[in-house]
Amino acid sequence: MIKENMSKILEELPEGVSLVGAAKTRTPQEILEAVEAGLEIVGENYVQEAERAFQVVGGKVKWHMIGHLQSNKAKKAVKVFDLIETVDSIKLARAIDRACGNIDKVMPILMEINSGEESQKAGVMPEDAISLARDMSELDNIKLMGLMTMGPFAGDPEDSRPYFQKTKKLFEEIKEMGLPGVEMKYLSMGMSNSYKVALEEGANVVRIGTKLFGERESV
Ligand SMILES: *Cc1c(COP(=O)(O)O)cnc(C)c1O
């Protein structure tokens, strides 16, 4: 099933769009199956799950952190991940920077935007994004490469559109600032139900779980 899902998704994605397979709750074997069907980037929500899957799948794919990362997990995270999509505070950015300094690594990161401005959700508020980008650009061991957003959960993907537009606008604003060491390249928006709308609004990274691996068992 994963194989069929994968070819269907790949057929639909335009040239130049990266697919992140959102792998939460999936077994390493399921991830491996997706990789064998052509998946090149695995997205994990927890450091520990990534470490476990890495044991099986290994370095033939790229690993993205797509879940909320606590500063005290930065040291482990920088070892396993190739890109962290969810950096939303200067505290976390500094923790990643420090951990990377210790192992001579420069970590590509995305800034997560709380585009729905929901108090209980992760991500930086849109009005604080510009100054956070400026602060991030001063850290030598991280490299800001774009933005990521979830948006409020919506039944109708059309309801996500304004949040994707808001994030795209911020993306362009930060890009135009031309900050040293910042290379605004990736805009990660859209999940199984909303990625088509996200693509219309300029996403070039989509994070897909259900449509690739099947329905998650509720826990
Ligand atoms: C689970 C998850 C996704 C994918 O969700 P689906 O609806 O299963 O496609 C995308 N991004 C993040 C951050 C996730 O946690």
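## Charged side chains in close-up

K75 is exposed, with a relative accessible area of 59%. The views below come from a predicted model.

**View 1. A surface patch of positive charge around K75.** K75 sits in helix α4, which spans residues 74-80. On the surface, K75 gathers with K73, K76 and K79. Together these lysines make up a patch of positive charge. K75 counts as exposed because its relative accessible area, 59%, is over the 50% cut-off.

**View 2. A salt bridge between K196 and E12.** The structure holds 9 salt bridges, and this view shows the one that joins K196 to E12. The closest N and O atoms of the pair are 3.7 Å apart. K196 belongs to helix α8 (residues 195-200), and E12 to helix α1 (residues 2-12). K196 is partly exposed, at a relative accessible area of 46%. E12 is also partly exposed, at 35%.

**View 3. A salt bridge between E183 and K143.** Here the closest N and O atoms lie 3.7 Å apart. E183 is found in the loop between α7 (161-177) and β7 (186-189). K143 is part of strand β6, residues 142-149. This pair, too, links distant parts of the chain, its members being 40 residues apart. Relative accessibility is 34% for E183, which is partly exposed. K143 has a relative accessible area of 25% and is partly exposed.

View 4. K168 is partly exposed, with 27% relative accessibility. E172 is partly exposed as well, its relative accessible area being 27%.

**View 5. A network of salt bridges.** Some salt bridges share partners. In this way E158, R161, E200 and E201 are joined into one network.

Definitions and conventions
Residues are numbered from 1 along each chain as its sequence is written. This is a predicted model: local features need pLDDT of at least 70, side-chain atom pairs count only at pLDDT 80 or more; totals for chains, interfaces and linings use all residues. Side-chain values use heavy atoms; hydrogens and water are left out. A salt bridge is a side-chain nitrogen of Lys or Arg within 4 Å of a carboxyl oxygen of Asp or Glu. Helices (H or I, at least four residues) and strands (E, at least two) are DSSP runs, numbered from the N terminus. Buried means under 20% relative accessible area, exposed over 50%, partly exposed in between (1.4 Å probe, protein chains only). Patches are made of residues with over 30% relative accessible area and no salt bridge: like charges are joined within 9 Å, nonpolar side chains (Val, Leu, Ile, Met, Phe, Trp, Tyr) within 5 Å. Accessible areas come from the Shrake-Rupley method with a 1.4 Å probe; for residues, only the protein chains shown count as cover. Lys and Arg count as positive and Asp and Glu as negative; His and the chain ends are not counted. The place of a charge is taken as NZ of Lys, CZ of Arg, CG of Asp or CD of Glu.
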